[in-house]
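Hi,

Here is the structure I promised to pass on.

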Amino acid sequence: MGVKIVDTVLRDGHQSLFATRMNTEEVLSALEELDKAGYYALEVWGGATFDSCLRFLDEDPWERLRKVRKVCKNTKLQMLFRGQNILGYRHYADDVVDKFVQKSIENGIDIIRVFDALNDVRNLKQAVDSTNKYGGHCQIALSYTTSPVHTVDYYVSLAKEVEKMGAHSLCIKDMAGVLLPEAAYELFSRLKANTKLPLELHTHCTGGIAEMTVHRAIEAGCDIVDTALSSLAGGTSQPCTEALQYALQGTEYDPKLDIKMLEAAASKMNKVRDKYLANGLLKPKALCVNPNILKYQVPGGMLSNLMNQLEKQGAMDKYEEVLKEVPRVRKDLGYPPLVTPLSQMVGTQSVMNVLTGERYKMVPKEINEYVRGLYGKSPAPIDEEVKAKILKGADVKIITHRPADDIEPEFEKLKEQYKDLCRSDEDVLIVALFPEVGQKFLEKKYNPQPQDEVVEVNLYI
Ligand code: CO
């Protein structure tokens, strides 16, 4: 059987290349062709698409999902779900996670890809249970990183654990694009031998090795790979769908995609790409190869963030020093994978350590919370001396249980609190996840005029 393909052009493609700004009209523009191309699934939804709809596009993200679902009659729809963070930036109560999963599936999602930055499986449990409860396909994605604790054995043992938890498939999520071809071969061979779950690879082209890595993973038994339609492939995005189809055509791995449909879709999506190239949101640099990510093992987005922070401080001369500090901070903190929000946190701490001239003299609030266990369990123990310095001997509680265990049910409270603004559970979830931006969006959407209030139906009265 050939390899299955998930196309990311409608989610990670534009998220990686131009800050997730594609609007619903553009998303729909080539959707009929994409739906007929023979994909296993289309990745269409996630935290950034949801956020961007509300914050920049003035669009209802749920409405986009329903419109996409209506067009896609043949292809499964997939979303990315940040464990107990859902699509937001903090831990939510279990009832909010449950409601979000329920509504996502009701509005059209088939496959929910759940991940946690720290690979703390306790932060995945509720999302996995809810996806199973509402009949969705639950995929668990393990954040890939390199460190003395992130060995092949580590990933194999996690894979066995998530299989027991009730996942339907397993993805290796190489958000930084640092998985090397031979490492992928070994990893996928071992995973294949130790779990029955279908295996998927998600990587990025940033460092210039993704196509080789994907090919070796497939040879080792990887069942599904993420690629992007040529219009938004390469650079900081995924390997090109059409190119992979040509490369594997006639082999035992032939994905059997309809190349004519892909061409028809690409000719439409190229217009979208050209618009963002012309208006400057898609910067040519995002399409360039950056082998430094392999040298420093730091995601491309983090490299540019560090440069911005140092530029603002007038301290660009400290760039190399900060890059050398990043792996030291990571080691001190128990080797967290550099994915949102840990990548920003480790980056900021490294900048502070270098600029103040004294390590951990200044510590961001988030790092303090991380040390206290509020993000979950660190992959390796946190260095005791560093922990003491960060907590400054204060008598603070260090949490070893699941962070969300401390959060009371929230959904009904939020529903009551926003009953004048929200007309559906979907609306409540918008304000739950993005309180300020979500409220502004809904106020504008419903534009409450006195005369309207009389005739409009509020589901909660
Ligand atoms: Co990605």
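First, the ground rules. This is a predicted model, so local features need pLDDT of at least 70 and side-chain atom pairs count only at pLDDT 80 or more, while totals for chains, interfaces and linings use all residues. Numbering runs from 1 along each chain as its sequence is written, and side-chain values use heavy atoms, with hydrogens and water left out.

Metal site: the cobalt ion has Asp-12 (OD), His-202 (NE2) and His-204 (NE2) as protein donors, lying 2.1 Å from it. Donors here are N, O and S atoms within 2.8 Å of the metal (3.2 Å for Na, K and Ca); water is not among the atoms, so sites may look incomplete. The donor spacing in sequence is D-x189-H-x1-H. Distant parts of the chain are linked this way: Asp-12 sits in helix α1 (residues 9–18) and His-204 in the loop between β7 (199–202) and α10 (210–219), 192 residues apart. Helices (H or I, at least four residues) and strands (E, at least two) are DSSP runs, numbered from the N terminus. Asp-12 counts as buried because its relative accessibility is 4%, and His-204 is buried too, at 7%. The cut-offs are under 20% relative accessible area for buried, over 50% for exposed and partly exposed in between (1.4 Å probe, protein chains only).

A pocket is an open set of points on a 1 Å grid over the protein atoms alone, with protein on both sides within 12 Å along at least five of seven lines; a cavity is a set where a 1.4 Å probe fits but cannot get out, and lining residues have an atom within 4 Å of a point. Volumes are the space filled by probe spheres set on the points, which are joined across faces, edges and corners. Domain 1 (4–284) and domain 2 (298–404) both contribute to the lining, so this second largest pocket lies between them; the bounds come from an automatic or database domain assignment.

Cavity: there is one of 30 Å³ or more. The largest cavity has about 60 Å³ of space, and its lining includes Tyr-144, Met-175 and Arg-330.

Lastly, Ser-343 lies in helix α16 and is buried, with a relative accessible area of 10%.

Cheers
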